[in-house]
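Here's a quick look at the salt bridges in this one. Have the structure open as you read.

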Amino acid sequence: MPNGPLSLPARLYLLAWDTTKRSITGSTHLHHLVRAGALTELAQRGLLVDDDGIVTPVDADSRTGDVVLDGLLELVSESRPRGWKPWVTSRARVTLDAVRAQLAADGYLRAERKRVLGIFPSVEYELDRVPAVEALRGQAREVLEGPVPVADVGDRDAALVALATAAELRTFASPKERALHRARIDELTERGGAAAPALRKVIQDVRTAVVVAAATASAKAATATTTAN
């Protein structure tokens, strides 16, 4: 699957769209998933490294040319030291907002400005490029199901599937499908960090943080429903 101009966090965000209902899914923990994608891509590019468990920029002045990734690099550089799991959740909505603005500028989304209670400005996003998102999903499904051997899958494509399944995106794979392809998902997770042993640990840590974030969000939603009833 070609990476094209879209970053890993941008592709993860688009995978969360239900193209039939034109609605976003997994919204309670989507910001964590998008942040995880940005951390993973920066680690795969060698711009963030693991220094005894701490997320560390290789060069504070390095830039990728992608506004979302560069924004996160700057945030990490200017913040107190944190590990990979804390960075998945810390101020994660900043990265989500940047991804949505970027995709709107690129024509994937349409931004609609509104006012909450007639006073507070707000922006809502609608999906515009449905065929492009459906093609992205189809390509990612091929990575999940085969027939391409895991060893021949690109590291960013492998990470895309590993993170999307960790976040339990129902627009990408059902629980039954995730269970069916569990062994391949594990292999893809390893493949995402194939460049170096340290990177494998990073991918595992980030993926674990996404799993925890998704489970926590689901538990809160269930509690809120029970309380409301």
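## Buried, exposed and in between

Buried means under 20% relative accessible area, exposed means over 50%, and partly exposed is what falls in between. Keep in mind that this is a predicted model. At 40% relative accessibility, aspartate 97 therefore counts as partly exposed.

## A pair within helix H5

Aspartate 97 has a salt-bridge partner: its side chain meets that of arginine 100, at 2.8 Å from N to O. Both residues sit in helix H5 (residues 92-105), three residues apart, or about one turn of the helix. Arginine 100 comes in at 23% relative accessibility, so it is partly exposed as well.

## A pair within helix H10

Helix H10 (residues 197-228) holds both aspartate 205 and lysine 201, which are four residues apart, again about one turn of the helix. Their side chains form a salt bridge at 2.8 Å, N to O. Aspartate 205 counts as buried because its relative accessibility is 17%, while lysine 201, at 42%, is partly exposed.

How many salt bridges turn up in a search of the whole structure? The count is ten. One of the salt bridges joins the side chains of aspartate 157 and arginine 11, at 3.2 Å from N to O. Aspartate 157 belongs to helix H7 (residues 155-166) and arginine 11 to helix H1 (residues 8-15), so this contact ties together parts that are 146 residues apart in sequence. Aspartate 157 and arginine 11 are both buried.

Notes:
Residues numbered from 1 in each chain as written. Predicted model: local features only at pLDDT ≥ 70, side-chain atom pairs only at ≥ 80, totals over all residues. Heavy atoms only, no water. Salt bridge = Lys/Arg side-chain N within 4 Å of Asp/Glu carboxyl O. Helix = DSSP H or I, 4+ residues; strand = E, 2+ residues; numbered from the N terminus. Buried < 20%, exposed > 50% of the residue type's maximum accessible area, 1.4 Å probe, protein only.
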